[in-house]
Amino acid sequence: MVVTGRAGALAAAGVVFVALLMPRWAGVGVVVAVVVLVCLVDILLAGSPRRLQLSREGDTAVRLGEQAVVTLLVANPRRRVKGLLRDAWPPSAGVQDAPHQLDLPTGERRRLTTHLVPTRRGDRQAYRVTVRSIGPLGFAGRQGSHNVPWTVRALPPFKSRKHLPSRLARLRELDGRTALLVRGQGTEFDSLRDYVPGDDVRSIDWRATARRGNVVLRTWRPERDRQVAIVIDSGRMSAGRVGDAPRLDHAMDAALLLAALATRAGDRVSLLACDSEVRADVRRPAPEDVLPSFVNALANVDAELVQTDFRVVVSQVLERLGQRSLVVLLTGLDPAVIEESLLPVIGPLLRRHVVVLASVADPRLTEMEESHADLIEIYGAASAARTRLDRERVTAVLTRAGVTVVDENPDHIAPALADTYLALKKAGRL
């Protein structure tokens, strides 16, 4: 049962009555009896919240930061229910609405809408629906709760999609304007055209020349239907915050842009999120399912406070890839981790595939290095410079080993990785 402010006001009036007119225990008993009787009558006349029939419909997935709408259907087969209804969700679901006012006559239904703006990735599950039914006198009522399951999945926001049109334009230019006369690894036959003085005679197609009666050349274009494996490090290096989000979120954003671009280029894309074990695994989805499958797989991936086992990462990648492929590893440039964990095991990967390592740099380090106002800032600048030099040294070591390194700030890591992919494709290295 529940009581309202009216019951408290009635009790306060009873106290005044006892103090002024009946300052005896009998007066107290009369007041208590009246308050209890009124509340009991109100409770008996109130509609039962447990008799309500509840169900849900609405959105089941939404990008992080956008609004989802979930509708609660409430049906009342019995006595009229009037009061409040609270649709409870976890705080990270971002409920935007206050408790709903409910006035539901017998045999009717109501649609109550709850707006959610999730603040964290992952599944957000409804907790329970609590209904408080107040009696006709307004002094007391009944309260009951219902479990009405519903899950809204907060997907990665994919903020870098604003860069996709410009990269697709460059991809179309690459496909249409870079028909090559030189055949090499990573190219495939494109078309035949007439010979122009100055063309490489090695590209002449003698059979076509014999059939047509004039000299014809073969042209080539960057090969399609290549495999691109995107590997996201979900270990402790990805847990650090850079700007307003963890490194892992920036890595996911870059991975989604690359996946969208590679799919439009005709390549097959797969995804692996891994630390000491596999956290997400998407293998060669259909082109139209690449982004939906990626965002759903990444929605519940969080950075684990464990050291990434790159032996597991390399073995998982080699197990999945057969032909020569592009492997994009999104991880940190921590010198100790790279030199002690990654470099000793990356050899088999480099012998069989093209490897790109993308890392999110912290722009705060640049700001610290440029600040020299006092002694504390000078020490901070020296520390930032030491960190930068270590990253440059590790980058040089990886480059000598055959790894292409992309080290950019959060705002530039996604487009820079996409540009690297286009450059590799143009050079025929895929």
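Predicted model: local features only at pLDDT ≥ 70, side-chain atom pairs only at ≥ 80, totals over all residues.
The domain assignment divides the protein chain into domain 1 (1–155), domain 2 (189–221) and domain 3 (224–427). Between the C-alpha centres of domain 1 and domain 2 there is a distance of 80 Å.

An open sheet of 6 strands can be followed in the order E18-E17-E14-E19-E20-E21, and its pairing is mixed. At its edges are strand E18 (278–282) and strand E21 (404–408), each of which pairs on one side only. On average, neighbouring strands of the sheet are turned by 15 degrees against each other, direction ignored.

Within this sheet, strand E14 (residues 227–233) and strand E19 (residues 326–330) run parallel and are joined by 5 bridges. Opposite Val228 stands Leu326 in E19. Helix H5 (residues 247–264) packs on the sheet, where it touches E14, strand E17 (268–274), E19 and strand E20 (354–360). The direction of H5 makes about 175 degrees with that of E14.

The other helix to look at is H6 (residues 290–298), whose buried residues are Val290, Phe294, Val295 and Leu298. Seen down the axis of H6, these residues fall within an arc of 115 degrees, so they line one face of the helix. What do the buried residues of H6 pack against? Their partners are strand E11 (151–155), E14, H5, E17 and E18. Of these, E14, E17 and E18 belong to the open sheet described above, and H5 is the helix that packs on that sheet.

Methods:
Residues numbered from 1 in each chain as written. Heavy atoms only, no water. Pairing = 2+ DSSP bridges. Helix = DSSP H or I, 4+ residues; strand = E, 2+ residues; numbered from the N terminus. Axes fitted to C-alpha atoms, helices over the stretch in contact; angles between N-to-C directions. Contact = heavy atoms within 4.5 Å. Domains from an automatic or database assignment. Buried < 20%, exposed > 50% of the residue type's maximum accessible area, 1.4 Å probe, protein only. Arc of directions from axis to C-beta.
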